[in-house]
Amino acid sequence: MPWQDGAAMLRVVPFFGSAFMRYSQLPVTVLLTLLVVSAHAGQPATPAAMAAYADKLLDEQKLNRDGPGVAVLVARGDQLLYKGARGMASIELGVPMQADQLMRIGSVTKQFAAAALLRQIDDGKAGLDDPLSRFLPDYPNGGRITLRQLLNHTSGVKSYTGLPGYMHNPIRRDLGTAELIKEFKDQPIDFAPGEKWAYNNSGYVLLGAVVEAISGKSWHQSIDELLLKPAQITSVHFQAGDRLFKGMAQGYTLNGQREVAPAGLLSMTQPHAAGALIANTEGLWRWNQALHGGKLISQAGYQGMVTPEGAAKSNHYGFGIGTGTLRGFPMLSHGGGIHGFTSLLSYLPQSQTTIVVLRNSDGPGFAMDLVSRKLAAFAIGEPFVERPPVAVPAEQLKAAEGVYAREDKQTRTLRLKDGVLQSQRAGGGVMALTPVGEDRFAFAASLTELQLERGADGRVTALRLFNNGESDAERWTRAGELPPELAFITLGAEQKQALVGEYSSPQFAIRVFVDAQGRLQGQAPGQPAFELMASTPRRAHVPQVGAQLDFGTEDGRPASVTLTQGGNKLVMARN
């Protein structure tokens, strides 16, 4: 769940180990096999086995040693199983990443803010069902919005990070809490409070304001005094703009040419309680121990954090924490995405296992969720089996081509292209499938697998999708034949210039421009640019995410563009 949630559409959805040094009498390949196998068959991993596996897994990511880095920690209870880092903390200065480097954690901040409010509730200073108006009497509709709804993203308040143009210059201003709230308080609500669920940064700004109203101190001072100091956690901080933080890594992004560049500018006053903390891997491990170990808030408050309810239940979201499973075991987690950084903090209650992954880049190039889940599974002794690819005749692959539908009418298309079977969910990216067994396929850079189902005549009738390698499967039945593939054309310079401009609606915004290489590009706030592929002079596509842009048919420059993605349509006017 990124702090920058405003651009939900068009989003592509973040280590110099010494294990071998102690066993130099064995060949590395033999040692690695012994260490990795020792954790199989349900036996929790030893530190030596964990280090060998983590190093192997990170090697497979092929991170550029001179590019943005990553820091990783794996622990079980009080036992550290692995801590390591790769890449660079500062590319410009040539400083290698260290495992204890501080980085922005984005929306992982939300669970700290949630716990601070819950601690105040434990002290009798508020109630979950208190109206927002009790603490912010001037907030519009505050009498209908409860603290519970702010905590679990069901308030319906407009998320300020999704306001058109906000993630450009406006996000760079230093704003106090009241000034920040003024940016969105008069925006129309997205839905009636409690009616739906929608990830919302404004809700956590309001939550931070409530914490401040109760304590008489800033939201981050309250987190420090109510939570961090009692737990003796010294490496989680609010990134105040007038302070230096020893060990703080530089953040990076990708520019319009998809080259590594310094992260975009923002004032850290603006992420507020929705995403303004920094931390290192050790600090987040200690946080997991204190929070999930019952040392910070009451059992009732904690159960609220980890138990989705109401409209949030189907989205598996509690109070600042998401719920899920890993190898059949409950798992609690939250990710963060903010200018220059991505993060993922996970916890498996049954084994008290913590996985922390921090990266100083908001661009692609590192499969954070995949790495985190593989590390967690290995740590608990339930590693994912590495399935070698198998050869499958092209005619057998071609038989799977077609459109498949789920019960909720979502569709997925399977298409054979250049000898590779591909899957594309409506509104999603194209994913290559690797055959790993009889009618069984693995998604590239993912734990998700797909199993074809055939009728008595051998014809493919359905598929089952095993998300994240879990045992429960979604069933998609065959709904139609393969649609024709899009054919793209080359636009002339004048045709491209006619489409150039900034387009926005209350929900979304996109900038269309021509890059230095003469390519038509589209870029949403806080995201890398993507090449727009034209099928007509007024229709362009982003095949990676299944998005289509239809520009107005007026002569000359179009007055609007319609974005179609995943069955949803959104009209944006030219600014």
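Q: Let's start with Phe378: buried or exposed?
A: Phe378 is buried, with a relative accessible area of 0%. Keep in mind that this is a predicted model.

Q: Thanks! And Tyr53, buried or exposed?
A: Tyr53 is buried too, at a relative accessible area of 6%, which is under the 20% cut-off for that class.

Q: How many aromatic pairs does the structure hold?
A: There are ten aromatic pairs. Tyr53 and Phe378 make up one that is stacked, with 4.1 Å from centre to centre and 5 degrees between the planes.

Q: Which parts does that pair tie together?
A: Tyr53 belongs to helix 2 (residues 47–60) and Phe378 to helix 11 (residues 368–379), so the pair links parts that are 325 residues apart in sequence.

Q: Why is the pair of Trp197 and Tyr199 tilted?
A: The ring planes of Trp197 and Tyr199 are at 50 degrees, so the pair counts as tilted: stacked needs under 30 degrees and edge-to-face over 60. Their centres are 6.5 Å apart, and both residues are buried.

Q: Nice. Which residues form an aromatic cluster?
A: Tyr139, Tyr160, Tyr166 and Phe184 form one.

Q: What about charges over rings, where does Lys110 lie?
A: Lys110 lies over the face of Tyr204, 5.8 Å from the ring centre. Arg258 lies over the face of Phe530, at 5.2 Å from the ring centre.

Q: Switching to helices: at what angle do helix 3 and helix 9 pack?
A: Helix 3 (residues 109–122) and helix 9 (residues 281–292) pack at about 35 degrees, and their axes are 12 Å apart. The crossing is left-handed.

Q: Which residues meet there?
A: From helix 3, Gln111, Phe112 and Ala115 meet Leu284, Trp287, Asn288 and Leu291 of helix 9. By class, this contact has five nonpolar residues, two polar ones and no charged ones.

Q: Last topic, backbone. What is phi of Asp418?
A: Phi of Asp418 is near 55 degrees, a positive value in a residue that isn't glycine. Asp418 sits in the loop between strand 15 (411–417) and strand 16 (420–425). At 74% relative accessibility, Asp418 counts as exposed.

Q: And where does Ala445 lie?
A: Ala445 is in the loop between strand 18 (440–443) and strand 19 (449–454). Ala445 has a positive phi of about 50 degrees, although it is not a glycine. Ala445 is exposed, with a relative accessible area of 62%.

Definitions and conventions. Residues numbered from 1 in each chain as written. Predicted model: local features only at pLDDT ≥ 70, side-chain atom pairs only at ≥ 80, totals over all residues. Heavy atoms only, no water. Axes fitted to C-alpha atoms, helices over the stretch in contact; angles between N-to-C directions. Helix = DSSP H or I, 4+ residues; strand = E, 2+ residues; numbered from the N terminus. Left-handed = near helix turned anticlockwise from the far one by under 90°. Contact = heavy atoms within 4.5 Å. Nonpolar A, V, L, I, M, F, W, Y, C, P; charged D, E, K, R; others polar. Phe/Tyr/Trp six-rings, centres within 6.5 Å; stacked < 30°, edge-to-face > 60°. Buried < 20%, exposed > 50% of the residue type's maximum accessible area, 1.4 Å probe, protein only. Lys NZ or Arg CZ within 6 Å of the ring centre and 35° of its normal.
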